[in-house]
Amino acid sequence: MTLSKAKSSNRIRNSKEDRIFLIILYALCALCVVAIVYPLIFVVSASFSSPVDVFNGKVWLLPVNVSLEAYKQVFRNQDIWIGYRNTMVYTIIGTFVSIFFTLSAAYPMSRKKMYGRAGIMFFFTFTMFFKGGLIPTYLVVKNMGLYNNLAVMVLVGSVSVYNIIVARTFMQNTIADELYEAADMDGCGDIMVFFKIVLPLSAPILAVLVLFYAVGYWNNYFTGLIYLSDRNRYPLQLFLREILLINMSDNMVEAMEMDLDKQLVQEGIKYAVVVVSSVPMLILYPFLQRFFVKGVMIGAIKG
């Protein structure tokens, strides 16, 4: 009887409609993988190819006439090293500050005993839909003395309400109320509970938040573009932006008048800089990926 039920179940699962659906699903997944992976492979291949072949469009998948000239030019550029140093500082300090603020807000929002948490959460959520705007924010930053200050790269946009909601939901769904009750009976205050119980149990969501914030700080160029005027404080992405926009000359007319050799070198540099600027995040991800899926799946449930 059990065997017949199993065979019937297999026939249902392997019906013609299911097979068609799976074929379509796998085809779409394959297209998505190609659409994501191919540009990455092309950028890496172009960065290791001869600038002449890249400029002439001969590079499609694998490197052509392997050359390290683009990387040599990148590492000779002092602006790249300045940008790397600044971005590393902004990312490390900014991620730490963002994690501190996010967890400090998420923990009390996850406690049922906190009075008025629904109202406070409403004001948090309100800022996701209605913002002050660029000009008022600029005026606030300037009046606080943060313009052209290193702190502006860390403090402006340091907290994401979405990440607060994710962290709060993770704490609500993962940490049992009985643990809080046991801690209260042992005489633990909220600060001790936070550091002794909540933080150790929040490793998955902590890894997710570190990755989210680190990538955000690493790729952030708009804050520096608006609030920084000193090139020695520029993040790496601003220098990358200049290179990608052919901003080595004063304007596009002069760029078009550059001799062919400079254009060829610049063509290779564009791809090399993209690779060089992406390496730290690619190194960081393998260390956090084992927590990533668990943290996102649990923390993303908004119920």
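Predicted model: local features only at pLDDT ≥ 70, side-chain atom pairs only at ≥ 80, totals over all residues.
Residues are numbered from 1 along each chain as its sequence is written, and side-chain values use heavy atoms, with hydrogens and water left out.

The structure holds 13 aromatic pairs. Rings of Phe, Tyr and Trp (its six-membered ring) pair if their centres lie within 6.5 Å; planes under 30 degrees apart count as stacked, over 60 as edge-to-face and the rest as tilted. One of the pairs joins tyrosine 107 and phenylalanine 194. This pair is tilted, at 5.2 Å centre to centre and 50° between the planes. Tyrosine 107 lies in helix α5 (residues 78-110) and phenylalanine 194 in helix α11 (residues 190-201), so the pair links distant parts of the chain, 87 residues apart. Helices (H or I, at least four residues) and strands (E, at least two) are DSSP runs, numbered from the N terminus. Tyrosine 107 also counts as buried, because its relative accessibility is 8%.

Tyrosine 138 and tyrosine 227 form a stacked pair, with 6.0 Å centre to centre and 15° between the planes. Tyrosine 138 belongs to helix α7 (residues 134-143) and tyrosine 227 to helix α13 (residues 222-227), so the pair ties together parts 89 residues apart in sequence. Tyrosine 138 is partly exposed, with a relative accessible area of 26%. Tyrosine 227, at 4% relative accessibility, counts as buried. Elsewhere, Phe122, Phe123, Phe126 and Phe130 form one aromatic cluster.

Alanine 70 sits in helix α4 (residues 69-76). Its relative accessibility is 6%, so alanine 70 counts as buried. Contact means heavy atoms within 4.5 Å. Leaving aside neighbours within four places in sequence, alanine 70 is in contact with Ser47, Gly268, Ile269 and Ala272. Alanine 70 and isoleucine 269 are 199 residues apart in sequence, yet 4.8 Å apart in space, C-alpha to C-alpha.

Helix α9 (residues 161-174) has 14 residues. Of these, 10 are buried, so α9 is largely enclosed by the rest of the structure. Among the buried residues are Val161, Asn163, Arg168 and Met171.

Definitions and conventions. Buried < 20%, exposed > 50% of the residue type's maximum accessible area, 1.4 Å probe, protein only. Expected span 1.5 Å × (residues − 1).
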